[in-house]
Amino acid sequence: MESSSVIDTKLVRVDGASLLALRSDSESLAVLRGVLSPSAVPAERAVRSFNSSLPPEIN
Amino acid sequence: MSEPVAFSQFVIKVHSRCDLACDICYVYEHADQSWRDRSAVMTTATARRTAERVAEHAVEHGLGEVHVILHGGEPLLAGVERLGEILGEFRSVLAGVCTVNLAVHTNGTMLSRRFCDMFREHGAKVGVSLDGDRAANDQHRVYANGRSSYDRVVRGITLLREEYPDLFSGLLCTVDLANDPITVYEALLSHRPPSVNFLLQHATWDHPPRRERSTDYADWLTPVFDRWHADGRPVRIGFFESILSTVRGGASTVEALGLDPNDVVVIETDGEIEQADSLKTAYDGAPATGLDVFTHSLTEAAAHPEVLSRQSGLDGLAETCRSCPVVQSCGGGLLAHRFSSERGFANPSVYCADLKTIINHVGATLASRTLQLSEFDALAAGLGGRKAAGELLDGQRAIQRVLVAWLTRSDQAARRILDHADLVSRESVARVAAHPVFRAWAVDRIEGRDGPDRFPAFTAAVAVHAGLDADLVVPVRNGEIHLPTIGTYPAVAGEDTVAVRIREGRCELRAAPRRRYRLEADDGFSVALEDGDPDRGLPGWPVGGALSESQAAAWQKMFGSAWNIIKDRQPGHVEGLREMLSMVIPLAGPTTDGENVVTSPRMPGAVALVLPADPGRLADLLVHGFQAMKLAAIQDLVDLHDRSDPGFDVRLRFAYVALAGNKTCPDPGDMSTSSCLTPLGRRFVDGMSAAMRSPERSGPGE
């Protein structure tokens, strides 16, 4: 910490992301972890299922 | 050897032939030639047995949800009736066992209303392969006679998008260096798919991809990522989203990235159980397990030595991969891409240099939000000027934006309006989300606490600012509806809701809004005097009713004087207050805790207070409230302490407010030995202590 002039905060940069992008990715999860109670933040696995609208890498 | 991992994605090969003759297809053109001996089409009996095996697997492993993807070859060659029967088997056998997400992946050439009606009947999503514009697509995706498939595919995609948007799951594009990346990106997005994914052509060390340099594929993907990011990521792209996720320690959503064990299993047309399809590119017979659904369970397949050996995460990777800094993201790349006949799968990916380059690029593009250490120290000393306040506000805005996004996950009507507003006027979303009351009800709603539905009113306000058309039904509260940042409108007596019609941003309500007040200082600084929002009071805050004009005038008179006092006596807080204070909430009396001024991390930007008797006192209350607000915003950015000492946060807040100059408190230095402090927290407390002892600190007032 002493050697750096900046601090990495708990939040990640979401500025460039559309609402659509933020709905699903784990960046937004990282933000919500500091805001919601822990039990209210979905597990990564649940997010993965939510994301699985496309088949796996086939074809 | 790792423990068996339950499968959750089941790729069902319903037809083993294809109407196209793509020269890059791993099913027909690569090492494995098992398709030649397969049944052309899966029978309904085989489908039923497969569904029974999936159900059995779900029960054995307690799976709440499975994904079943019909695939080929070209699955639509099975015909409407057979596909309908197969989907019906999965629906009926798995009913009551677990949630089943059905999907079909097709080349799109045969899509028709008959197919789509049947897919809709069974709730099956449809993904389509498309490699870009006509020129890109026709590089490889052609019929056996060389004829283009493009027009037919686009016709199928258009049908999906226009008439069956609920079925359209997205586009899958195989990267070809011969195509221009931005042209491909734009061509794909022109079809307005809900998602896009990019695949690297399957290749091995024995048969590496055609390229001139080891990072040619990264060089192709990088401008696509940059454009997608610059566009605000307007469509989901699994490959990039997975890098974004994994560089931050999250999960990958695509098989080609991440260290999560592969949970995909393939059932061939004849019921044989196989490993990931991409292995067909490695060597003849590579995906085979020797098992089939008629005599073996899927749990037996999960325990198959070949399957297990390829699910061992980091331990299963080559030595160079295990020590690589990006291994959490690439996961060694797709298993098939690691193969060489000399060393089997104990190699980095043949796309290693590409993966490393694009992962590093994405990671560098999206760094964590940072805070200058000098600003942090200034905040610790109790002050912090415009820049520090701006950094805190940026953090607040990020939280607000994510909360909006997550609210839209469960409200399709609002999602449609807000996504549109986000495209045409991102500021409109930010403006309403910055309303201090937003965070309080948004968190309640996301956490599932009961309460009035504020989302329609929020969405209506965004639509107004964005200049959109929207029709929303807003619940009546206390005989009124309140559109945050817009105003409070009386409702017709006895009505529970008001239909709010917005046209080109104009709110067409019969009743006029009641008067809104702002507190204005001589120098132009102003804040809202909020007496209309029904949720402006948290538990224990006696917010009272609407202000009369004379009450509002009293607030105005007092505020103008108080602001001048702050500028005179506490100039170090002026810039921060200008940035961060946006709302004053009048209290009818002290809170249940006896406080005359109160703030909440749930209402950033707002200070609720009792109107004091003189402006000097109001100046103090505003600065005290501002200090507490600032500390909450700091703690949104960094952890100052863990939660092992429940009373520590109250002591910290009291000491920080005291730093504003008009309160005395025990030396914060006494807190610096607490074991609950993080290293940054200790620095913060030490900074507070030094400031408290500073001779320059203004002495206690009144």
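In this predicted model, B:Ile12 stands opposite B:Ile267, a residue of strand E8 of chain B. The two strands involved, E1 (residues 9-13) and E8 (residues 264-267) of chain B, run parallel and are joined by four bridges. As a reminder, strands of a sheet pair through backbone hydrogen bonds, either parallel or antiparallel.

Stepping back, E1 and E8 belong to an open sheet of 10 strands in chain B, with the order E7-E6-E5-E4-E3-E2-E1-E8-E9-E10 and mixed pairing. Strand E7 (236-237) and strand E10 (288-292) of chain B are its edge strands, each pairing on one side only.

| Helix (chain B) | Strands touched or crossed (chain B) | Angle |
|---|---|---|
| H3 (residues 79-94) | touches E2, E3 (99-106) and E4 (124-129) | about 160 degrees with E3 |

Helix H3 of chain B also holds B:Gly88. Is B:Gly88 buried or partly exposed? B:Gly88 counts as partly exposed because it has 17 C-beta neighbours inside 10 Å, while a buried residue would need 20 or more. Its C-alpha lies 9.1 Å from that of B:Arg48, although B:Gly88 and B:Arg48 are 40 residues apart in sequence.

Now for the other chain. Chain A has three helices and one strand, arranged from the N terminus as β-α-α-α. Of the 59 residues in chain A, 53% are buried.

Methods:
Residues numbered from 1 in each chain as written. Chains lettered and ligands numbered in written order. Predicted model: local features only at pLDDT ≥ 70, side-chain atom pairs only at ≥ 80, totals over all residues. Pairing = 2+ DSSP bridges. Contact = placed C-beta atoms within 7 Å. Axes fitted to C-alpha atoms, helices over the stretch in contact; angles between N-to-C directions. Buried ≥ 20, exposed ≤ 12 C-beta atoms within 10 Å, placed from the backbone.
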